[in-house]
Amino acid sequence: MTEQQKIEYLVEKSKKNKSGKTVALTILKHGILMLVAISMILPFLWMISTSLKTNSNVFVVPPQWIPDPIVLENYPLVFEKVPFLRYFLNTAFVAFFKLLGEVGVSALVAYGFARFNFKGKKILFMFLLATIMLPGESTLVPSFIFWSHLGFIDTYVPLILPAFGGQAVFIFFLVQYFTSIPKDFYEAAYISGANSFKIFWKIYVPMSIPALISVSIWSFMGSWNDLLAPLIYINDQMKFTIQIGLAMFQGMFEVNWPLLMAATTLSLIPVILLFFSLQKYFVQSNKGDGIK
């Protein structure tokens with residue numbers, strides 16, 4: 001075997017070893033991802049399975065993944081036990097206006113921090129970030145006293161109005177996104193005669209759709225899954241939100257698991273539909289296309 005042939009043989013052998021390692025690593029990564037996916041989807045499947053069982057079959061051993069018998073009546077029974085549709089609409093109302101306030105105001109504030117220089121900007125931004133570390137529970141009592149003195153207990157005002165002050169986490173996230181947009185867009189629009197708000201509305205908002213969709217989903221899910229605030233401020237049963245409605249299926253001494261799981265499955269439908277319908281907007285937009 002000549003020297004050239006030896007070199008070619010060693011190179012080929014090295015390529016095969018690398019190829020084998022790459023395949024093994026790929027299989028390992030996909031195997032881990034499959035295990036993680038299965039561990040996350042199993043509770044969801046168990047919830048649906050439990051929603052179709054009788055109360056006596058929930059904790060049978062061995063567990064029944066396919067209910068026998070299948071009890072479809074649990075779903076209409078949810079609406080008979082509590083005014084679940086009313087709770088559904090109440091939550092949608094609160095979630096919509098909270099989303100409007102949190103996302104809209106947070107975007108405007110983030111735009112100001114990202115594109116304008118003013119005295120005390122860094123100190124103000126650090127103060128804003130510091131509020132993220134403040135536990136919401138620490139302000140519950142003073143907030144309740146404040147809204148009580150204003151006469152807004154048993155209304156949706158304490159749930160919705162604070163959202164129009166923005167959300168610190170959303171502001172921080174959007175500041176990073178707006179900062180990554182080249183200043184060329186802002187300068188070109190400003191030279192063309194556009195004012196600051198028009199630049200925000202016509203340029204920054206369309207170019208930030210993925211980020212705005214992301215914070216919108218976070219806002220919606222936070223409102224949809226909120227139990228503590230409605231529990232504190234709402235007393236009228238017809239004004240309850242969906243999370244309080246779910247809690248009503250848990251008695252002091254027993255829990256009707258099939259009805260609770262049926263109600264939980266119904267409450268997840270809007271979140272799942274929202275996520276899959278907006279998933280395509282998560283792809284990062286190409287912000288550099290407009291620069292020439």
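The model is predicted, so to speak of local features we need pLDDT of at least 70, and side-chain atom pairs count only at pLDDT 80 or more, while totals for chains, interfaces and linings use all residues. Residues are numbered from 1 along each chain as its sequence is written, and side-chain values use heavy atoms, with hydrogens and water left out.

Let me start with helix α4, residues 121-130, where a helix is a DSSP run of H or I with at least four residues, numbered from the N terminus. Its buried residues are K121, F125, L128 and L129, and buried means under 20% relative accessible area, exposed over 50%, and partly exposed in between, with a 1.4 Å probe and protein chains only. These residues lie on the same side of α4, because they cover an arc of only 95 degrees around the axis, taken from the directions from the helix axis to the C-beta atoms. On the other side, I123, M126 and F127 are exposed.

Now to the aromatic rings, of which the structure holds 25 pairs; rings of Phe, Tyr and Trp (its six-membered ring) pair if their centres lie within 6.5 Å, and planes under 30 degrees apart count as stacked, over 60 as edge-to-face and the rest as tilted. F79 and F84 are edge-to-face, at 5.8 Å centre to centre and 85 degrees between the planes. Y87 and F240 form a tilted pair, at 6.0 Å and 45 degrees, and this pair links distant parts of the chain, 153 residues apart.

Technical notes:
Helices (H or I, at least four residues) and strands (E, at least two) are DSSP runs, numbered from the N terminus.
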